[in-house]
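Dear colleague,

I am passing on to you the structure below, and after it I set out what was found. Please keep it open while you read, so that you can follow each part in turn.

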Amino acid sequence: GVVIDPVQPNKDARVSVVLMKFLRARNLSVSAAKDMLVNTLRWRQSFNVEAALKEEFPKDLFDRLAHIYGRDKENRPVV
């Protein structure tokens, strides 16, 4: 849900948090963090994450696999 604008990356404070997480994951190596971020974005695009978030499951099948305890702030099921 965070848009990283290369022209103004500091416009949203959440961008700094996301970028810092990638830097920390790669021991503050900028090149390794960049590679990880690019690979993550490519994976998200190929996996079609946005569509996966909207996927609905039949209740009769889903209820047998898990229990839905409620929904989070973005209306996603909490299992």
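The second largest pocket has a volume of about 390 Å³, where a pocket is, on a 1 Å grid over the protein atoms alone, an open set of points where a 1.4 Å probe fits, with protein on both sides within 12 Å along at least five of seven lines, and where a volume is the space filled by probe spheres set on the points, which are joined across faces, edges and corners. This is a predicted model, in which local features need pLDDT of at least 70 and side-chain atom pairs count only at pLDDT 80 or more, while totals for chains, interfaces and linings use all residues. Residues are numbered from 1 along each chain as its sequence is written, and side-chain values use heavy atoms, with hydrogens and water left out.

The lining of this second pocket (residues with an atom within 4 Å of a point) is made of 16 residues, and those nearest its centre are Glu55, Glu56, Arg71, Asn75 and Pro77. Helix 3 and helix 4 (59–65) each give two or more residues to that lining, helices being DSSP runs of H or I with at least four residues, numbered from the N terminus. By class, the lining has 7 nonpolar, 1 polar and 8 charged residues, where Ala, Val, Leu, Ile, Met, Phe, Trp, Tyr, Cys and Pro count as nonpolar, Asp, Glu, Lys and Arg as charged, and the others, Gly among them, as polar.

The largest pocket has a volume of about 540 Å³. Among its 19 lining residues, Gly1, Val2, Leu41, Arg44 and Glu50 are the closest to its centre. Helix 2 (30–47) supplies the largest share of this lining, 5 residues, and the whole lining divides into 11 nonpolar, 4 polar and 4 charged residues.

Helix 2 also meets helix 1 through a contact (heavy atoms within 4.5 Å) that involves Leu19, Phe22, Leu23 and Ala25 of helix 1 together with Val30, Ala33, Met36, Leu37 and Thr40 of helix 2. This contact has 8 nonpolar, 1 polar and no charged residues.

Finally, tryptophan 43 and phenylalanine 47 both lie in helix 2, 4 residues apart, which is about one turn of the helix.

Best wishes
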